[in-house]
Amino acid sequence: MRLARENDIPALEKLISLSVRGLQASHYSIAQMDAALGSVFGVDRRLIRDGTYFIVELDGELIGCGGWSKRKTLFGSDHHTTRDDAELDPMKDAARIRAFFVHPNHARRGIGRAILEACEKAICASGFTAIEALAPSSRILFNVALGFGQVSG
C-alpha cells in the first residue's frame, strides 16, 4: 500500500470502472453505472494532491484504492459539478471516507479494511476526532461491517 500519485490516474480509472461494473452490477443498471462512471465514480485528483488517497498493488497491478478527505465535498470525481473544496475544521467537522474501489478478482480479502485502517491512522494524525462515510446503497453493508453503523438517507 502507498499513497497515490498523479501518474497512477490511468490505472485508477481502469480499476474504478472494473470495480463498479464487476461489484455493483446487482445494485445498478448498466445505464446507471455508465452515467455514474466519470462523475460520481471516478478519480478525484484533489485527494491525490492532498496526499490522502491510498492504492494497493499486487505484482505491479492496482487492485484497490480508497482514501479520506479534509474537504467539504462528500463524493464525486473531478468532473462532478457540485464540489466544495473548502477545508473542514478538524475541531468540529468529521473527516470524510471517500472513493473506495477494489478489483472484482480481489474482493472480500481485506483490501478495503486495510485501506480504511491506513485512513483512520492518517485522519487521527491530522487532528480529526470524527469520521463519516457517505455510501451508495451497494456499499452500505461494507460500511456497517467496518463500524460506521446504519446509513440514513
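Colleague: Let's start with Glu87. Is Glu87 buried, partly exposed or exposed?

Modeller: First a caution: this is a predicted model. In it, Glu87 has a relative accessibility of 49%, so Glu87 counts as partly exposed. The cut-off for exposed is over 50%.

Colleague: What does Glu87 form a salt bridge with?

Modeller: With Arg71; the closest N and O atoms are 3.7 Å apart. Arg71 and Glu87 are both placed in the loop between β3 and β4, 16 residues apart.

Colleague: And is Arg71 buried or exposed?

Modeller: Arg71 is buried, because its relative accessible area is 9% and buried means under 20%.

Colleague: How many salt bridges are there in the structure?

Modeller: The structure holds 8 salt bridges. One of them joins Arg49 and Glu6, with 3.4 Å between the closest N and O atoms. Arg49 is in helix α3 and Glu6 is in the loop between β1 and α1, so this pair ties together parts that are 43 residues apart in sequence.

Colleague: Why would such side chains pair at all?

Modeller: Side chains of opposite charge can pair when their charged atoms come close.

Colleague: How accessible are Arg49 and Glu6?

Modeller: Arg49 is exposed, at a relative accessible area of 52%. Glu6 has 39% relative accessibility and counts as partly exposed.

Colleague: What does the side chain of Arg46 meet in a salt bridge?

Modeller: The side chain of Asp85, at 3.9 Å from N to O. This pair links distant parts of the chain, with Arg46 in helix α3 and Asp85 in the loop between β3 and β4, 39 residues apart. Arg46 is partly exposed at 26% relative accessibility, and Asp85 is partly exposed with a relative accessible area of 28%.

Colleague: Asp85 again, then. Which residues does Thr73 touch?

Modeller: Leaving out residues up to four places away in sequence, Thr73 touches Arg83, Asp84, Asp85, Arg96 and Arg98. Thr73 sits in the loop between β3 and β4.

Colleague: Is Thr73 buried or exposed?

Modeller: Thr73 counts as buried, because its relative accessibility is 3%.

Colleague: New topic: helix α1. How many residues does α1 have, and how far does α1 reach?

Modeller: α1 has 15 residues and reaches 20 Å from its first C-alpha to its last. That is close to the 21 Å expected at 1.5 Å a residue.

Colleague: Which residues of α1 are buried?

Modeller: Ile9, Leu12, Leu15, Ile16, Ser19 and Val20. Looking down the axis of α1, the buried residues fall within an arc of 125°, so they line one face of the helix.

Colleague: Why can residues spaced along a helix point the same way?

Modeller: An α-helix has 3.6 residues a turn, so residues three or four places apart point the same way.

Colleague: What covers the buried residues of α1?

Modeller: The cover includes the helices α2 and α3 and the strands β2, β3 and β4.

Colleague: And which exposed residues are on the face turned away from the buried side of α1?

Modeller: Pro10 and Lys14.

Colleague: Where is Gly22?

Modeller: Gly22 is in helix α1, which runs over residues 9-23. Gly22 is partly exposed, with a relative accessible area of 46%. Gly22 and Asn105 are 83 residues apart in sequence, and their C-alpha atoms are 8.8 Å apart in space.

Colleague: Next, aromatics. How many aromatic pairs does a search of the whole structure find?

Modeller: The search finds 1 aromatic pair. The rings of Trp68 and Phe128 have centres 6.0 Å apart and planes at 75°, so the pair is edge-to-face. Planes over 60 degrees apart count as edge-to-face.

Colleague: Where are Trp68 and Phe128 in the chain?

Modeller: Trp68 lies in strand β3 and Phe128 in the loop between α4 and β5, so the pair ties together parts that are 60 residues apart in sequence. Trp68 and Phe128 are both buried.

Colleague: Last one, Gly127. Which residues does Gly127 touch?

Modeller: Pro90 and Met91, not counting residues up to four places away in sequence. Gly127 lies in the loop between α4 and β5 and is partly exposed, with a relative accessible area of 28%.

Note on methods. Residues are numbered from 1 along each chain as its sequence is written. This is a predicted model: local features need pLDDT of at least 70, side-chain atom pairs count only at pLDDT 80 or more; totals for chains, interfaces and linings use all residues. Side-chain values use heavy atoms; hydrogens and water are left out. Helices (H or I, at least four residues) and strands (E, at least two) are DSSP runs, numbered from the N terminus. Buried means under 20% relative accessible area, exposed over 50%, partly exposed in between (1.4 Å probe, protein chains only). The expected span of a helix is 1.5 Å times one less than its number of residues. The arc is that of the directions from the helix axis to the C-beta atoms. Contact means heavy atoms within 4.5 Å. A salt bridge is a side-chain nitrogen of Lys or Arg within 4 Å of a carboxyl oxygen of Asp or Glu. Rings of Phe, Tyr and Trp (its six-membered ring) pair if their centres lie within 6.5 Å; planes under 30 degrees apart count as stacked, over 60 as edge-to-face and the rest as tilted.
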